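Q: Can you walk me through this structure? I'd like to start at the ligand and then look at the fold.

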Amino acid sequence: MSTLTSILACPRCGISLDKFHCKACQLEFPIIEDIPWLFADPDAARTDWRNRWNLALADLNSRLSQAKTALAGCSSTAKPRLNTLVTGYEKQIHAIRELLAGLALGPAADLTTYLALKTRLPPQAELFSYDANVFRDWCWGDTENLLSLEAIIDILDGVKPRRILTLGSGAGRLSYDLHQHLNPELSVAVDMNPLLATVARRLAAGDKVDLVEFPRAPVDGASVAISRSLYAPEKASAGFEVVLADAMRPPFQPGSFDLVVTPWLLDVIDASPAEFIKGLNPLLRPGGLWIHHGSLAFTHADPAQCPDLAELQELNRECGFGEQQSSEITGPYLDSPVSRHARRETLVTLRATKISDCGELPRYQALPDWLAKGRAPIPLLPAFQTQAMTTRIHAFIMTLVDGQRSLQDIASVLEEQQLMPKADAEVAIRGFLIKMFEEALQRGR
Ligand SMILES: C[S@@+](CC[C@H](N)C(=O)[O-])C[C@H]1O[C@@H](n2cnc3c(N)ncnc32)[C@H](O)[C@@H]1O
């Protein structure tokens, strides 16, 4: 890791690290399974991911017992499918326990506790958020993987970067392919998800990983759970590193890279495009390249934060980037051979050359002490008051759900309690229960 350690900076205070130690913050960053955990608060991140890991395991266990119950009462036609599912869940539980054993697991609480305690990493980032990408990367996705590699090699147009950073590298295939193809002295694959990073690390080291694929829309009963043995075409050549970190607090000294690649990250990351681009600019040396690759499918509530390609290029110019080129190609996305579902995407590959710095980014706002340390009183913010009221009403509605009352009965109770006129209450309760019902369906309960 010597080239890597020479460019590391503390994700908290920004000063160069001494190996994996920050003298100023008096903080030692852990290395688990050969992967440095370079989050600003590595212990909190570890606890947080341990919770999500336990949540994922509790969820798998609950699916397993549902599948067992279904198997016990099923017809002979359904038996092979349900048997496959039961075996699939059992294997996956075993595989996930083993893969992330390094998280130093504590005793597992029950599922509801973990659901309630989802912590500060983006709430949508669950352990299995991008599980299909793992199989695309390392099993059946040659067409898609090659499409991405070729799009990037084409737009590089002969440029041979010495140091490459991939932010949001997921299970790592594109980062690995670029490394093997371009032969740089260093490639760093950064993601915040330890499952994906562990898969990337192990496969790049030449190991095999066994996982079960559960396709969203299995083509037949035998495909509900497919055991996959994942491996890389060859061990990654020297200089390939995997790091766990937040892309919005990248743990690297300024100017460390000649190329930063962000595949399918710009439009999913929990930051505005301007914040994101301003955050990655300092990582590049002058003349270095940023390549965005993937869709432009922003989902920010604020439409100003959902730029099209032309707006994105304008934003890049404001953020210290000069010459820009782009290409587009349409192809399959997550097209598993055992699923009836796949996406078709028109991918944008945008190359932008850094010509100047773009000014200091405001330091990431630390959590206030009442949250971080937990001893000071929690302030009664107006948003908390509103939330407390809605939570009380929701809790009240749920207590009225007793298997006897109808939606209209509950609306009458709300009117009697002078909370809302009955007609309004009916609409509000329906909306709330639709949400609850859909969540229950999604979780299969
Ligand atoms: C849409 S997936 C794409 C993954 C990978 N590039 C691929 O194409 O398969 C987005 C990835 O970004 C990662 N990610 C999202 N926000 C991140 C952040 N703040 N820091 C690091 N990784 C992040 C997710 O964990 C996920 O692996």
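A: An oxygen atom of the ligand sits 2.8 Å from an N or O atom in the side chain of N133. That is a polar contact, meaning a pair of N or O atoms within 3.5 Å; within protein, one must be able to donate a hydrogen and the other to accept it, and residues adjacent in sequence count only if both atoms are side-chain atoms. The model is predicted, so local features need pLDDT of at least 70, side-chain atom pairs count only at pLDDT 80 or more, and totals for chains, interfaces and linings use all residues. Residues are numbered from 1 along each chain as its sequence is written, and side-chain values use heavy atoms, with hydrogens and water left out.

Q: What is the distance from a ligand oxygen atom to the side chain of R136?
A: An N or O atom in the R136 side chain is 2.5 Å from an oxygen atom of the ligand.

Q: And which ligand atom does D246 face?
A: A nitrogen atom: a polar side-chain atom of D246 lies 2.8 Å from it.

Q: Which residues come nearest to the ligand?
A: N133, R136, G168, D191 and A247, out of the 18 residues around it. Near means that one heavy atom of the residue lies within 4 Å.

Q: Switching to the fold. What is the strand order in the sheet?
A: The open sheet has 7 strands, in the order β9-β6-β5-β10-β11-β13-β12, with mixed pairing. Two strands pair if DSSP finds at least two bridges between them. Strands (E, at least two residues) and helices (H or I, at least four) are DSSP runs, numbered from the N terminus.

Q: Which strands stand at the edges?
A: β9 (240–244) and β12 (321–333). Each has a single partner strand, so one side of each lacks a neighbour in the sheet.

Q: How does β12 pair with β13?
A: In the antiparallel sense, over 11 bridges, with β13 spanning residues 343–354. S327 stands opposite T349 in β13.

Q: What about β11 and β13?
A: Also antiparallel, over 6 bridges. W290 has A352 in β13 as its bridge partner.

Q: Is β13 enclosed or open?
A: Largely enclosed by the rest of the structure, because 9 of its 12 residues are buried. Buried means under 20% relative accessible area, exposed over 50%, and partly exposed in between (1.4 Å probe, protein chains only).

Q: What caps the N-terminal end of α8?
A: N193, with a side-chain oxygen 2.8 Å from the backbone nitrogen of L195. Just after α8, G206 takes a positive phi of about 95 degrees.

Q: Which residues of α9 are buried?
A: P273, F276, I277, G279 and L280, in a helix that runs over residues 273–280. They cover an arc of only 160 degrees around the axis, which puts them on the same side of α9. The arc is that of the directions from the helix axis to the C-beta atoms.

Q: What covers them?
A: Among the covering elements are β10, β11, α10 (309–318) and β12. Contact here means heavy atoms within 4.5 Å.
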